[in-house]
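Please look at the sequence and the structure below before reading on. The briefing that follows takes up helix packing, the sheet and the aromatic rings in turn.

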Amino acid sequence: MTLRQTFQKIFIGIITLLITSCTMNKRIYISNKTEQTITLKINSTFKIKEGTMQGAFLDSLNGKRIEPGYITITFGTGRWNKNDEENLKMVLENMQVKKDGSAEIFSLPQNMPIGRGILIPELIVKINELNKL
């Protein structure tokens, strides 16, 4: 194989990756590192407009039971933008968390960092610690 053929294959691979990344499913990857099953509940005072991305996040996350490990939630195709990330952060800041087998309610840390996937359009949330309410 010549050097030119190698570059052509690499170029075709990059173009294919770019095309498929635009049509891949957007998703949220939530990692539960608390070593216990948790349930997410929205704070009752949090108000949003239905039909917005905040509403979509709320509908998908409210009441979601997450065992230790991770889950992914799909949100159609395309790419996430900064506004989507901010909407997710706002919903997470208004979430309450209940550990299974406990009556205590916790909150997620304020200004929780949200990561981004490198080759996959995903927002990454890691739940490591909980703040007691």
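The buried residues of helix α2 are covered by elements that include β1, β2 (38-42), β4, α3 and β5 (95-99), where contact means heavy atoms within 4.5 Å. Helices (H or I, at least four residues) and strands (E, at least two) are DSSP runs, numbered from the N terminus. This is a predicted model, in which local features need pLDDT of at least 70, side-chain atom pairs count only at pLDDT 80 or more, and totals for chains, interfaces and linings use all residues. Residues are numbered from 1 along each chain as its sequence is written, and side-chain values use heavy atoms, with hydrogens and water left out.

**Helix α2**

- The buried residues in α2 are Gln-54, Gly-55, Phe-57, Leu-58 and Leu-61; buried means under 20% relative accessible area, exposed over 50%, and partly exposed in between (1.4 Å probe, protein chains only).
- Seen down the axis of α2, these buried residues line one face of the helix, because they fall within an arc of 160°, the arc being that of the directions from the helix axis to the C-beta atoms.
- Just after α2 comes Gly-63, which takes a positive phi of about 80°.

**The sheet and the helices packed on it**

- Four strands form an open sheet in the order β4-β1-β8-β7, with mixed pairing; two strands pair if DSSP finds at least two bridges between them.
- Because β4 and β7 (114-116) stand at the edges and each has a single partner strand, one side of each is left without a neighbour in the sheet.
- On average, neighbouring strands of this sheet are turned by 20° against each other, direction ignored; axes are lines fitted to C-alpha atoms, for helices over the stretch in contact, and angles run from 0 to 180 degrees between N-to-C directions.
- Strands β7 and β8 (residues 122-127) run antiparallel and are joined by three bridges, and Arg-116 has Leu-123 in β8 as its bridge partner.
- Helix α2 (residues 53-61) packs on the sheet, where it touches β1 and β4, and its direction makes about 140° with that of β4.
- Helix α3 (residues 82-93) also packs on the sheet, touching β1, β7 and β8, and its direction makes about 150° with that of β7.
- Within helix α3 lies Glu-85, which is buried with a relative accessible area of 8%; not counting residues up to four places away in sequence, Glu-85 touches Ile-114, Arg-116 and Leu-123.

**Aromatic rings**

- Rings of Phe, Tyr and Trp (its six-membered ring) pair if their centres lie within 6.5 Å, and planes under 30 degrees apart count as stacked, over 60 as edge-to-face and the rest as tilted; by this rule there are four aromatic pairs.
- The pair of Tyr-29 and Tyr-70 is stacked, because the ring centres are 5.0 Å apart and the planes are at 25°.
- This pair links distant parts of the chain, with Tyr-29 in strand β1 (residues 25-32) and Tyr-70 in strand β4 (residues 69-77), 41 residues apart.
- Tyr-29 counts as partly exposed at 22% relative accessibility, whereas Tyr-70, at 55%, counts as exposed.
- The rings of Phe-75 and Trp-80 have centres 5.7 Å apart and planes at 65°, so this pair is edge-to-face; Phe-75 is buried at 13% relative accessibility, and Trp-80 is buried at 7%.
- One aromatic cluster is formed by Phe-57, Phe-75 and Trp-80.
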